[in-house]
Every structure is written in structure tokens, then in C-alpha cells.
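Hi there,

Here is the structure I promised to pass on to you. Please have it open beside this email while you read.

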Amino acid sequence: MTETGVRRHLLGIEELEKAEIVAYLDEAERFLELSRKPERKDASLRGRTIINLFFESSTRTRSSFEIAGKRLSADVINLSVATSSTTKGETLLDTVKNLDAMHADAIVVRHPASGAAHFVADRTRAAVVNAGDGLHEHPTQALLDAFTIRRAKKKIEGLVVCIAGDVAHSRVARSNAHLLLKLGAHVRFCAPRTLLPAWSVKAFGVEVMDTLAEGVDGADVVMMLRIQNERLKSAMIPSTREYSRTFGLGRRILARAKPDAIVLHPGPMNRGVEIDDDVADGVQSSILDQVEAGVAVRMAVLHRLAKATPSPA
Ligand code: CP
């Protein structure tokens, strides 16, 4: 926290107070409205420099942080790790020291190692935003998911949210569980036992369901997770075909949810594996609303963090 009472970094949802989460969501409303106007610029971050430092691939998070920064009039630099000196063996520490020497105001970091965003935050004067670190957290995804839910349902408290699929490898599930429980939702994790982490029940107090039908039953929100093939060890699922048959969301299973239930997916989707085309593109899908929300929420995050860092002289 700074003297202004604003947190300098956004590293995870776990450490946020409920009031801070609500403040991000409320501020994002203003930026959603702005984003829908023909003239979408806000001058708040003029003169500030934001560096997107992504060590893992990304479509939504990276582009929406870039758009968010530019809409707030910041200078945004995308550092492509594939063409950076990381490929020559430069360490994360040296990369951060160099960005710090260039007077970056904010560093948005995605990294395959859990804890990488904290590591960066401890070694720079810049505000740091965690854009996904290993299996740990993806806080802006949870914020944009909550924003999408709140807009669709007009509340979060009391809703039944089923988070289904590869929970074990999902930083999205973890951040969402923290956030939704803080805001008073009932959270269900639904996955084959091999894809449920040990922390799911003990640390969170979420309900755990073994079948997708049980998880979806009476739900207000069904959030499907991507099967993370890049992190999956062999034998965690019998086969993709079998997984899709038992844990893929099709219209028949979705009919068990509340009639006005919405369907979310953080993307990228494995169509035909965890979600069928007619659900992903159906009337209950809010998946593209999530993408729109991503820009507004990231504008709110960058705007708030800028308040916590001194303006350039
Ligand atoms: N949801 C999400 O993080 O998507 P990307 O990997 O495309 O950024």
C-alpha cells in the first residue's frame, strides 16, 4: 500500500480486500462506457510508460493490456521474449533491472513460474501487474469474469458458480475462487479427480463435484476451463475423446443450469473438447462479453496503479 491507500501492485486476488475488488469493478464501468464511444481516449496516463513482458503466449491478455494502456494515453511497449535477450540466456532479474533503468512506470508480466510476478515486484520501482504466473493467479481474468457476471446478473452475492474442467492447472480457477468467495458467491469446482488440486477443498471451502451434470445443476454461471495440454502429465485423463464425453459442456448438460444461466470461458477454447460450438456461440454464451470487459477492467487496473506511483517529473 502507498500513502494514498492504493496498492502499488496487483499480484493476486488473494491479498485484496472486498472493497478493493468492488472499486476495480466500479471503475471498469466507466471505462466500458468510454470504450463504446467513437472517441475512446482518456488522458490519465499521458507520459507514463507501460511494458508488457510476456514469457508465455497470449492473445486476449496481452492485446487488451496494450489497448487499455493506449486508451489511457500511455506509451506501451510489448517486449517479445522470443526476440529478446532472454533467448541469449539473460535472467529475469537482469531483464527487470534493465526495464527499471529505463524508468518503466508499470510492468505487466506473464510467466510460467508461480511467484514470478512477486519476484519482479520486489525488484523494480514500477507498478507490477500479474498477467498470469504459473499455476498461481491471473487476477485481471478473475476481475473481468466478475465484471461480466455482475453486469449480466446485477449481483454476485448468492449466485451459484460452477467452475469446471482442468482446475488443477488453472490459475483462472484459483483467482476466481478467491474473488467469488470474497463477494459471497457459492463456488463449485467440477473436474475429474485427477484434475482437482489438493488445495481446492481445504483452502477455499468450495464445493467439489465429480460429474459435470451435478456441477451445472441449478447454476447461475457455468465457467468452463481449458484443458491445458501444455501442463498436462500423461494419464491425467484417459483420452481427449473420453474427457469431452464426460466433461465437455453441450446443450444437454447446460439445460440443467438455471434457464437464464450464462456460460463463460477465459479462452483460448478447445472447441469440441471442453465446450461444444453451439454452447460457445449460443445465446447463453457471455464469452465475448468477457473479452470486451477485459479492456475495461485492465484500464481500471492501470488507472488505479498509476495513482499509487509518482507522476513523471
Ligand atoms: N484468458 C487468457 O489469459 O487468454 P490469453 O492466454 O489469450 O491471454
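Below are some notes on the ligand site, the strands and the cores.

First, some ground rules. This is a predicted model, in which local features need pLDDT of at least 70 and side-chain atom pairs count only at pLDDT 80 or more, while totals for chains, interfaces and linings use all residues. Residues are numbered from 1 along each chain as its sequence is written, and side-chain values use heavy atoms, with hydrogens and water left out.

**The ligand site**

Around the ligand (a heavy atom within 4 Å) you will find Ser-58, Thr-59, Arg-60, Thr-61, Arg-110, His-138, Gln-141, Pro-266 and Gly-267. Some of these make polar contacts, meaning pairs of N or O atoms within 3.5 Å. A polar backbone atom of Thr-59 is 2.8 Å from an oxygen atom of the ligand. On the nitrogen side, a polar side-chain atom of Gln-141 lies 3.0 Å from a ligand nitrogen, and a backbone N or O atom of Pro-266 lies 2.8 Å from a ligand nitrogen.

**The strands**

Helices (H or I, at least four residues) and strands (E, at least two) are DSSP runs numbered from the N terminus, and two strands pair if DSSP finds at least two bridges between them. Strand E1 (residues 49-54) runs parallel to strand E2 (residues 75-80), with six bridges; Asn-52 has Asn-78 in E2 as its bridge partner. With helix H2 (residues 60-71), E1 and E2 form a right-handed β-α-β unit: with the strands pointing away from the viewer, the path from the first strand over the helix to the second runs clockwise.

Strand E5 (residues 160-164) is joined to E6 by five bridges in the parallel sense, and Val-161 sits opposite Val-187 in E6. The chain goes from E5 to E6 through helix H6 (residues 171-182), again in a right-handed β-α-β crossover. E6 also pairs in parallel with strand E7 (residues 207-209) over three bridges, where Cys-190 stands opposite Met-209. Why is E6 largely enclosed by the rest of the structure? Because four of the five residues of E6 (residues 186-190) are buried, that is, under 20% relative accessible area with a 1.4 Å probe, protein chains only.

**The cores**

A nonpolar core is a set of buried Ala, Val, Leu, Ile, Met, Phe, Trp, Tyr and Cys residues joined through side-chain atoms within 4.5 Å. The largest one has 90 residues, and Leu-143 and Leu-249 have the most contacts inside it. Helix H12 (residues 287-308) gives the largest share of this core, 11 residues. A second, separate core has 17 residues, among them Leu-53 and Val-120.

Best wishes

How values were computed:
Buried < 20%, exposed > 50% of the residue type's maximum accessible area, 1.4 Å probe, protein only. Polar contact = N/O pair within 3.5 Å; in protein donor to acceptor, adjacent residues only side chain to side chain.
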